[in-house]
Amino acid sequence: MSSAPSSTYSAVTLTVNGEKHTLTVDHRTTLLDALRERLDLTGTKKGCDQGQCGACTVLVDGRRNVSCLQLAVAAEGREITTVEGVAEGDRLHPVQEAFLELDGYQCGYCTPGQICSAIAVIEEHAAGWPSAATDDVRPEAGPPPLTPEEIRERMSGNLCRCGAYVAIVEAVARAAADRSAAKEVAA
Amino acid sequence: MREFDYRRAHDVPGALALLDAEPEARFLGGGTNLVDLMKTGVERPARLVDVRDLPLDRVESTSDGGLRIGATVTNSDLAAHPEVRRRYPALTQAVLAGASGQLRNMATVGGNLLQRTRCGYFADITKPCNKRVPGSGCPAIEGEHHNHAVLGASEHCVATHPSDMGVALAAFDAVVSYETPDGPGTLPFADFYLPVGDTPHRETALPPGALITGVTLPPTPVAARSRYRKVRERASYAFAIGSIAAALDVQGGVVHDVRLAFGAVASRPWRARTAERVLIGATADAETFAAAADAELAAARPLPHNAYKVTLMRNLVVAELTRLTEEAAR
């Protein structure tokens, strides 16, 4: 491998929303630009392009990442899910439903990132991850309740210039409550 | 952005060889700082050696009761690990105080230690900066420095180290392990970052071509009662203007053991050993805590716009040690 000549581009296979796409990318290409410019998946938005706004949030191997700081070539071999891939056919994801019902947006530009982030926040909380808003992080303290304060802290990587935060927090709380209720019924 | 070659390493010797073969190569971890700096032209590598697939992604207990943390463990996995939360809660709190959920999923422990300062002059390639271009000057000293260093800086550079994680690692005497083409090595955290002096561009004592493979925390019983508190200019997702990692063991009203480290006040996470020496064996009360903070901060050399940090750090020492004392009494 180390003897291969240097190159500034590579053929990569990206797995996006369960579909494989093979394309040649300049190594400078971010995952964000590959999704939008090469795969025509424009749901993922470019805001700051420096990891500060969260508009470009996607799921990589099930975890939320900012796609503007992720090089496309380095995403090969990982499962990428964009906002286009979170619904099941015509059935919206429960987080999408909650944002719709509770008006968790105004202009909508940050919404795909908010939704991808919220989906991951709910999973992270269900897995027992503490946050900076959690008073006692020791495992014996148990998982913290997903209070509005916890949601605001966990969602702080997603900015909304319209300031729809109040409804966003309500939508995340609603989707999380629906998820745990469904789990209880299933159990 | 400069064009670059990209290689993905699958084992440590392979990573070292790929770096060694290209003089202008850099290791790529989560990329949350490096890719950003490449976009702005601060970093211009000719090759990236992606190390995220290296088998260094585990947190394991050591036989003596400490923890060994692999270099590619993500911030998220480190913070969520039950043994970190149980034995070193301030480390979990420090990691969770940094960046956003998205960035913590990407960022790695090795990369966290090697991240660069967020000084605005360092980030702006149209400005002089002794750290970026040695000998070009430091505009921060006469310019914008409200969030710059008050301890251990020099007339050549007043930038701070931005890590939260590193503050807890400094408090708990972490040891950094690395590999080089000539073999492995270790560096105690106290020796990992170099003094600023007249060489602010030289940041760590790692030998050339070295790859950080992990960080080991020694068994530290006092760390089970520890806290990290971060002060910033908004409630979340911002760099510190001052932070503290504190661990305290009080027995019979007297300080039996203590660890203190400060963030956002120096070019490195700042272990407050002078304060610790004042505290050991002294009565655990606010007066002692303030005296210990003053002893540590006597070395502070604030600039016109960051003198508030001296007061802030004094208040943080008193507040966090008081809270730990009260918690222990419950």
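I began with the two chains and found that 35 residues of chain B are in contact with 36 residues of chain A, counting two residues as in contact if their C-beta atoms, placed from the backbone, lie within 7 Å. This is a predicted model, in which local features need pLDDT of at least 70 and side-chain atom pairs count only at pLDDT 80 or more, while totals for chains, interfaces and linings use all residues. Residues are numbered from 1 along each chain as its sequence is written, and chains are lettered from A in the order in which they are written.

I then looked up which elements form the side of chain B that touches chain A: β1 (5-8), α1 (12-20), α2 (34-40), β3 (47-50), α4 (82-87), α5 (89-96) and α6 (101-106) of chain B each supply at least two residues, with helices (H or I, at least four residues) and strands (E, at least two) taken as DSSP runs numbered from the N terminus. On this side α6(B) gives the most, five residues.

I sorted the residues of that side of chain B into 16 nonpolar, 10 polar and nine charged, where Ala, Val, Leu, Ile, Met, Phe, Trp, Tyr, Cys and Pro count as nonpolar, Asp, Glu, Lys and Arg as charged, and the others, Gly among them, as polar.

Next I turned to chain A, whose assignment gives domain 1 (9-85) and domain 2 (94-186), the bounds coming from an automatic or database domain assignment. The contact between them takes 13 residues from domain 1 of chain A and 11 residues from domain 2 of chain A. On the domain 1 side, β3 (57-60) and β4 (63-66) of chain A each supply at least two residues.
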